[in-house]
Amino acid sequence: MSWTPNSWREFPIKQQPVYKNHAMLKSVEAELSSYPPLIFAAEARTLKEKLAMAGRGEAFLLQGGDCAESFADFNAPNIKNFLRLMLQMNMILMYSAGKPVIKVGRIAGQFAKPRSGDFEEIAGISLPSYRGDIINSIEFTTEAREPDASRMLKAYNQSAATLNLIRAFLRGGLADLSRVHQWNLEFIKDNSLGKKYDELSSKIDSAMKFMSACGIDSAVMPQLHQTMLYTSHEALLLNYEEALTRKDTDTDEWYDCSSHMIWIGDRTRGLSDAHIEYFRGIGNPIGCKVGPSMNPDELIELIHVLNPKNEEGKLNLIVRMGASKIAEYFPPLLQKVKESGLNVVWSCDPMHGNVEKSSSGYKTRDFDNILSEVKQFFVIHKSMGTVPAGIHLEMTGNDVTECTGSQSCAITSDDLSSRYHTQCDPRLNASQALELAFMLGDIV
């Protein structure tokens, strides 16, 4: 059938809220449809070109950020800390691999979360599950858990303000290579990773001084002074995505202007479902999570639907198997895609397949399992002669205690309660993310 921005409404849909106030929903959708786009279509096309480079092994994709953005925790220091961490990881990977790094944040739109059940029970009381701040509130009350369409307007406004600050920071001097030492976050400066990063920074300082002596510095080379962070999120709430879909006047193509790149989760990738229908018609680069339940023939059919022109850089397959399953389930998928000659960008999400319940009762992820899945992902690609193009992480620039383990901070199950701040799933803190980046630098 022909595609339109609202043709998804004719298909079965999963993981969606049920709004009681239909008049308000329609009013919010109409208001959002009149708002300016959050990103430009040309930026999305540029990202697609860069992802094509990653798919060929000429660049590396670093995608990371919050599990779920919060209205309550929205402030400049949190955004700045996240950017500093991304810049640090970018520098580690770029210096080690000798390749450009494509920086994509889970930011300025990552407000909706799929859930394993429609209801949550605490102390015998059952209420609708928290589905992200764009839908309802995390507080465990009947009123807070009621889906509220007006939250889409707040999500848009927070995304716009976040994007504005990101552009100001990254074009206004924060990303200047003469400031590499200043990217080191205060709470990790004195640990082993902070010192290791400072050693790398000193090498970059020396290179910058040499280049300056040759007449090449940030005053005449914008590439040394500023950078670009692209935005991404799971496009779960299609009412919001449709309202921000615009036709590009240069190409006459439709783009989801809520974010540069959006992805489909493992729970909503049904071939006959609404999310696949919406995604097949937009010009953005798109992602799709690939879990252990995916079979090779289904994956090939999905690729044909989402990338019918077999464009390079169009489709990012984000592998999220779990450390104990990737060796069994990933190679048959990779082999089938390789034999089919289809262009995809493979990246590794070592977070979502490694969730476990700690002895203290907190949902967590063990750092050793995260490292193990990443290492296996690269080994499998090397054995099959294919390209491991990137990494996809849930992480924060703040000093949280949500994932156990790592040499840099050695968080135990008993430590989780001290700074467990996530809205939904456990994130790597800055120390753990840097440790992973240094490990990646050795194998990319």
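The model is predicted, so local features need pLDDT of at least 70 and side-chain atom pairs count only at pLDDT 80 or more, whereas totals for chains, interfaces and linings use all residues. Residues are numbered from 1 along each chain as its sequence is written, and side-chain values use heavy atoms, with hydrogens and water left out.

The chain holds 11 helices and 14 strands; helices (H or I, at least four residues) and strands (E, at least two) are DSSP runs, numbered from the N terminus. Its radius of gyration is 21 Å, close to the 22 Å that the globule rule gives for 444 residues, so the chain is as compact as a globular protein of that length. The radius is taken over C-alpha atoms, and the globule rule is 2.2 Å times the number of residues to the power 0.38. Along the principal axes, the C-alpha atoms of the chain fill a box of roughly 65 × 55 × 45 Å. Of the 444 residues in the chain, 56% are buried (buried means under 20% relative accessible area, exposed over 50%, partly exposed in between, with a 1.4 Å probe and protein chains only). Among contacts (heavy atoms within 4.5 Å) between residues at least 6 apart in sequence, 76% join residues at least 24 apart.

Helix α3 (residues 76-97) and helix α11 (residues 430-443) have axes that come within 8 Å and cross at roughly 15°. Axes are lines fitted to C-alpha atoms, for helices over the stretch in contact, and angles run from 0 to 180 degrees between N-to-C directions. α3 and α11 are therefore roughly parallel to each other (angles under 35 degrees count as roughly parallel, over 145 as roughly antiparallel, 65 to 115 as roughly perpendicular and the rest as oblique). Their crossing is right-handed, a term for a near helix turned clockwise from the far one by less than a right angle, with anticlockwise being left-handed. Residues in the contact include Leu85, Met89 and Ile92 of α3 and Ala433, Leu434 and Phe438 of α11. By class, the contact of α3 with α11 has 10 nonpolar, three polar and no charged residues. Here Ala, Val, Leu, Ile, Met, Phe, Trp, Tyr, Cys and Pro count as nonpolar, Asp, Glu, Lys and Arg as charged, and the others, Gly among them, as polar.

The axes of helix α8 (residues 296-306) and helix α9 (residues 326-340) come within 9 Å and cross at roughly 45°, which makes α8 oblique to α9. This crossing of α8 and α9 is right-handed. Among the residues that make the contact are Leu299, Ile300 and Ile303 of α8 and Leu333, Lys336 and Val337 of α9. The contact of α8 with α9 comprises seven nonpolar, one polar and two charged residues.

α9 also packs against helix α10 (residues 367-384), at an angle of about 35° and with the axes 10 Å apart. The crossing of α9 and α10 is right-handed. Residues of α9 including Phe330 and Leu334 meet residues of α10 including Phe377 and Ile380.

Most residues other than glycine have a negative phi. Ala108, in the loop between β2 (101-106) and β3 (119-122), has a positive phi near 60°. Ala108 is buried, with a relative accessible area of 1%. Ala123 has a positive phi near 50° and lies in the loop between β3 and β4 (125-128). Ala123 is exposed, with a relative accessible area of 76%.
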